[in-house]
Amino acid sequence: MTALDSPIDIENCALRLLAQRDHTQRELLRKLLQRGFIESAIDPVLNQLETQGFINEPQFAEHYIAERMKKGFGVLRIRGELREKGLSGTLIEQALEPVKNEWAECIAAAHQRRFGNTAPTDRADYGRRARFLEQRGFPTDLIVRILR
């Protein structure tokens with residue numbers, strides 16, 4: 001173990017990262033590895049920080065979902081992003097459950113911000129709008145419903 005791999009150095013670096021914004025364990029592990037720390041020294045520190053409440057993945061998921069919904073992203077995209085951040089499928093679904101009835105409002109707001117209150121004028125316009133909403137991560141059934 002080098003001086004760089006001491007638990008105190010790892011903890012200090014992790015806490016600095018957490019002071020900027022919430023992170024998942026996977027995100028912190030990746031960032032600490034990039035800074036030259038060794039994985040076998042990082043894992044116990046991250047577990048300790050989670051036990052102490054500095055890393056709270058359910059809270060992270062809840063805040064992340066709310067933030068992304070405000071920006072007009074859909075459930076499919078948000079679910080994929082949370083998976084990339086290292087959250088389990090079970091945790092993701094638990095975090096998405098409270099907002100399951102808000103997706104219709106979310107897609108309507110995203111559509112209105114981009115296209116206003118007008119309906120699609122022709123097939124090409126319909127396709128353009130559908131692709132936009134699909135790329136934002138909304139499911140097909142909601143896209144079809146909002147474009148009718």
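This is a predicted model: local features need pLDDT of at least 70, side-chain atom pairs count only at pLDDT 80 or more; totals for chains, interfaces and linings use all residues.
**Lys85 and its surroundings**

Setting aside residues up to four places away in sequence, Lys85 touches Thr24, Arg26, Glu27, Phe60 and Tyr64. Contact here means heavy atoms within 4.5 Å. I then placed Lys85 in the loop between α5 (75–84) and α6 (89–96). Helices are DSSP runs of H or I with at least four residues, numbered from the N terminus. Is Lys85 buried or exposed? Lys85 is buried, at a relative accessible area of 19%. The cut-offs are under 20% for buried, over 50% for exposed, and partly exposed in between, with a 1.4 Å probe and protein chains only.

I checked the side chain next. Lys85 makes a polar contact with the side chain of Glu27, at 2.8 Å. A polar contact is a pair of N or O atoms within 3.5 Å; within protein, one must be able to donate a hydrogen and the other to accept it, and residues adjacent in sequence count only if both atoms are side-chain atoms.

A note on the numbers: residues count from 1 along each chain as its sequence is written, and side-chain values use heavy atoms, with hydrogens and water left out. Local features need pLDDT of at least 70 and side-chain atom pairs 80 or more, while totals for chains, interfaces and linings use all residues.

**Aromatic rings**

I searched for ring pairs and found 2 aromatic pairs. Phe60 and Tyr64 are stacked, 5.7 Å centre to centre with 20 degrees between the planes. Rings of Phe, Tyr and Trp (its six-membered ring) pair if their centres lie within 6.5 Å; planes under 30 degrees apart are stacked, over 60 edge-to-face, the rest tilted. Phe60 and Tyr64 are about one helical turn apart, because they lie 4 residues apart in helix α4 (residues 57–70). Both Phe60 and Tyr64 are buried.

The other pair is Phe115 with Phe132, edge-to-face at 5.6 Å and 90 degrees. This pair links distant parts of the chain: Phe115 is in helix α7 (residues 103–115), Phe132 in helix α8 (residues 123–135), 17 residues apart.

Which charged ends sit over the ring of Phe73? I noted Arg68, 3.9 Å from the ring centre, and Arg136, 4.0 Å from it. The test is NZ of Lys or CZ of Arg within 6 Å of the ring centre and within 35 degrees of the ring normal.

**Cores**

I turned to the largest nonpolar core, which has 27 residues. Ile65, Ile78, Leu82, Trp103, Leu133 and Phe138 touch the most other members. A nonpolar core is a set of buried Ala, Val, Leu, Ile, Met, Phe, Trp, Tyr and Cys residues joined through side-chain atoms within 4.5 Å. The elements giving two or more residues are α4, α5, α6, α7, α8 and α9 (140–147). Another core of 15 residues lies apart from it, including Leu17 and Val45.

**Salt bridges**

I counted 10 salt bridges in the whole structure. Each needs a side-chain nitrogen of Lys or Arg within 4 Å of a carboxyl oxygen of Asp or Glu. Glu67 bridges to Lys71 at 3.8 Å. Lys100 and Glu97 meet at 2.7 Å. Asp125 and Arg128 also meet in a salt bridge, at 2.7 Å. Asp125 is buried at 7%, whereas Arg128 is partly exposed at 43%. Back at Lys85, salt bridges that share partners join Arg21, Glu27 and Lys85 into one network.
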